[in-house]
Amino acid sequence: MIEGASGSTVPRRQLGRYLRDLRNRARLSVKAAAEALEWSETKIWRIETGQTSMRSLDVESICRIYGAPDDLTQSLMALAKETKARGWWLSYSDVINEGFDVYIGLEEAAACLRWYEMELVPGLFQIADYARTLIRADNPDNDTAEIERRVQLRIARQTLLTRVTNRPELRVVLGEAILRRPVGGEKVMSAQLTRLIEVSDLPNVELKVMPFEAGMYAGIMSGPFTMLEFPLNGNGKPTEPPIVYVDGFTGALFLDKPHEIERYDTAFNDIWRAALDEAASRDLIAKAAREFEQ
C-alpha cells in the first residue's frame, strides 16, 4: 500500500478479502453470517467488497464467529484501523458520485494504469475548460459553484502524473474521434490537444492514437476501460490484485475475477498493437490541433 496516498480504499478491500476467505473456510453463507452477527446481508456484502470502513471490535466479532486464530484476529483488527484513513479527495465528498471515491483511491495506489478511451479525453489528461464543458453537460441542474468544485476535483487528480514518489506508469490509447470532436469549441479543443502532447512527453506516460483506418480491433468489442495494477510487496506479490474499471452511464463496474482480468489484458494488448506508434500519434494530435487553430 502507498502510505497516505490510497486513503482507506486499499486496506478496506484487503480486509474484505480476508474476511470473505474466512467466511468461506468456515462454510458459512452470507445469510448465515449475517444472522450470526445480527447484521443485514447487504452489510456483509459491503464489508467483503471493501465498500465501508470497519471498527476493530466488529472485526473481532466477525473473527470469533468465523473461528479465526488469535494472531490473525489481532492482525485484522489492526488492519481495520487503517480502513478509517482519509484520502485527500474526501474534502470533495460533496461532489463525488457514489462509488467513485473507491476508484480514486485505487487510482492513487496503482503502479500502472492501462487505459483505452474511444470518445473523450481521459480525466487525468483534461484541461479545466474541457472538463468544465463535460461536467456541465452531465450535471445540467448544478449551479456554477458545484460545477467548479467538480472541475477542481478532476484537476486535483492529475497531480499523480508528476508526483515525486510512487509515480504510476500510464499506457493510454485514444480513439481518433477524440481528436476530432470540438468539445467546448475550437479554441478549447486546440488547447486540450496541446495538453495531450505535453503529457505524452512525461517519462511515465506512453500515449497512442487508434486511427479511423485501423479497421477491426478488440477495443470495438470491449468498449472503454481502465486496467489498474498495483505495486509489489516485499515478497514480490502485488499488494492488490489487478482491477478493471468500466465507467457506465448509470454506474461503474469493478472487475477482478481472473478470467475477467485475462480477457481485458488480451484486449488491451491487441489495442496497443493496432494503434499508431507514439511518434505517429503525436504527429496526428499536433495536426488535429493545428486544424482547430485555423
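A: Helix H7 covers residues 128-138, and its buried residues are Tyr130, Ala131, Arg132, Leu134 and Ile135. The cover over these buried residues of H7 includes helix H8 (144-157) and helix H10 (186-200). The model in which this is seen is a predicted one.

The wider fold comes next. The protein holds 13 helices and six strands. Of its 294 residues, 46% count as buried. Among the contacts with a separation of 6 or more, 73% are accounted for by residues 24 or more positions apart. The C-alpha trace spans about 70 × 45 × 35 Å along the principal axes of the protein. A compact globule of 294 residues would have a radius of gyration near 19 Å, and the protein, with 21 Å, agrees with this.

The axes of H1 and helix H5 (residues 70-82) come within 9 Å and cross at roughly 150°. An angle over 145 degrees counts as roughly antiparallel, and H1 and H5 are therefore roughly antiparallel to each other. The crossing in which H1 passes H5 is left-handed. On the H1 side, Pro11, Gln14, Leu15, Tyr18, Leu19 and Leu22 take part, and they meet Leu72, Leu76, Leu79, Ala80 and Glu82 of H5. Sorted by class, this contact of H1 with H5 has nine nonpolar, one polar and one charged residues.

Helix H1 also contains Thr9. Residues under 20% relative accessible area count as buried; Thr9 is therefore buried, with a relative accessibility of 2%. Leaving aside residues up to four places away in sequence, Thr9 touches Trp89, Asp101, Val102, Gly105 and Leu106.

A second pair of helices is H2 (residues 30-37) and H4 (residues 56-66), whose axes come within 10 Å and cross at roughly 120°. The two helices H2 and H4 are therefore oblique to each other. H2 passes H4 in a crossing that is right-handed. Ala33, Ala36 and Leu37 of H2 make this contact with Ser61, Ile62, Ile65 and Tyr66 of H4.

Most residues other than glycine have a negative phi. Arg27, however, has a positive phi of about 55° although it is not a glycine. Since exposed means over 50% relative accessible area, Arg27, at 79%, is exposed. Glu38 likewise is a residue other than glycine with a positive phi, near 60°. Its place is the loop between H2 and helix H3 (41-48). With a relative accessibility of 73%, Glu38 also counts as exposed.

To return to the part that was requested, Arg132 is listed among the buried residues of H7, together with Tyr130, Ala131, Leu134 and Ile135. Helices H8 and H10 are included in what covers them.

Methods:
Residues are numbered from 1 along each chain as its sequence is written. This is a predicted model: local features need pLDDT of at least 70, side-chain atom pairs count only at pLDDT 80 or more; totals for chains, interfaces and linings use all residues. Side-chain values use heavy atoms; hydrogens and water are left out. Axes are lines fitted to C-alpha atoms, for helices over the stretch in contact, and angles run from 0 to 180 degrees between N-to-C directions. Helices (H or I, at least four residues) and strands (E, at least two) are DSSP runs, numbered from the N terminus. Angles under 35 degrees count as roughly parallel, over 145 as roughly antiparallel, 65 to 115 as roughly perpendicular and the rest as oblique. A crossing is left-handed if the near helix is turned anticlockwise from the far one by less than a right angle, and right-handed if clockwise. Contact means heavy atoms within 4.5 Å. The radius of gyration is taken over C-alpha atoms; the globule rule is 2.2 Å times the number of residues to the power 0.38. Buried means under 20% relative accessible area, exposed over 50%, partly exposed in between (1.4 Å probe, protein chains only). Ala, Val, Leu, Ile, Met, Phe, Trp, Tyr, Cys and Pro count as nonpolar, Asp, Glu, Lys and Arg as charged, and the others, Gly among them, as polar.
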